[in-house]
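New notebook page, new structure. I'll jot down what I look up as I go.

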Amino acid sequence: QVQLVESGGGVVQPGGSLRLSCVGSGDTFKITAMAWYRQASGKERELVAHIDLRKRTKYGDSVKGRFTISRDNANVYLQMDSLKFEDTAVYYCNARGDYVWEVYWGQGTQVTVSS
């Protein structure tokens, strides 16, 4: 099993920045790709950013140019700049292995953008 623990959420004003961290433990040798998802109240969970073993990245359209994902082995980070009200959500860390059943989630961390 893989355990993922997020940290770094909080309340920030529009235009501000936050950095989320996710620390992986357990059978981390299984991890190939890692990602951040978010879920706003009343909405479906959506992909924010993704990074693979070669550190190739992709981003959701709404965060391109503002968010940056990075990775250090089984730890993944999300630098969020120029935050907007609509970035308010619970952010979840995700990790995947080679097999379809190897999908792991963190418990989530709340990010609130408010003036």
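I started at W101, which is found in the loop between β9 (89-96) and β10 (103-105). Strands here are DSSP runs of E, at least two residues long, and helices are runs of H or I with at least four, numbered from the N terminus.

Before going on, I noted that this is a predicted model, where local features need pLDDT of at least 70, side-chain atom pairs count only at pLDDT 80 or more, and totals for chains, interfaces and linings use all residues. Residues are numbered from 1 along each chain as its sequence is written, and side-chain values use heavy atoms, with hydrogens and water left out.

Is W101 buried or exposed? W101 counts as exposed because its relative accessibility is 63%. My cut-offs: buried is under 20% relative accessible area, exposed is over 50%, and partly exposed lies in between (1.4 Å probe, protein chains only).

W101 also belongs to a nonpolar surface patch with Y99 and V100, and together they have about 440 Å² of accessible area. Patch members have over 30% relative accessible area and no salt bridge, and nonpolar side chains (Val, Leu, Ile, Met, Phe, Trp, Tyr) are joined within 5 Å. A salt bridge would be a side-chain nitrogen of Lys or Arg within 4 Å of a carboxyl oxygen of Asp or Glu. Areas come from the Shrake-Rupley method with a 1.4 Å probe, and for residues only the protein chains shown count as cover.

Next, the whole chain. I find 11 strands and zero helices. The radius of gyration is 13 Å, close to the 13 Å that the globule rule gives for 115 residues, so the protein is as compact as a globular protein of that length. That radius is taken over C-alpha atoms, and the rule is 2.2 Å times the number of residues to the power 0.38. The C-alpha trace spans about 40 × 25 × 20 Å along its principal axes.

Then I looked inside: 44% of the 115 residues count as buried. The largest nonpolar core has 27 residues, and W36, L78, M80 and Y91 touch the most other members. β9 gives the largest share of this core, four residues. Such a core joins buried Ala, Val, Leu, Ile, Met, Phe, Trp, Tyr and Cys residues through side-chain atoms within 4.5 Å.

Last stop was S21, in strand β3. S21 counts as buried because its relative accessibility is 18%. Leaving aside residues up to four places away in sequence, S21 touches V5, E6, S7, W36, V76 and Y77, where contact means heavy atoms within 4.5 Å.

Notes
Patches are made of residues with over 30% relative accessible area and no salt bridge: like charges are joined within 9 Å, nonpolar side chains (Val, Leu, Ile, Met, Phe, Trp, Tyr) within 5 Å.
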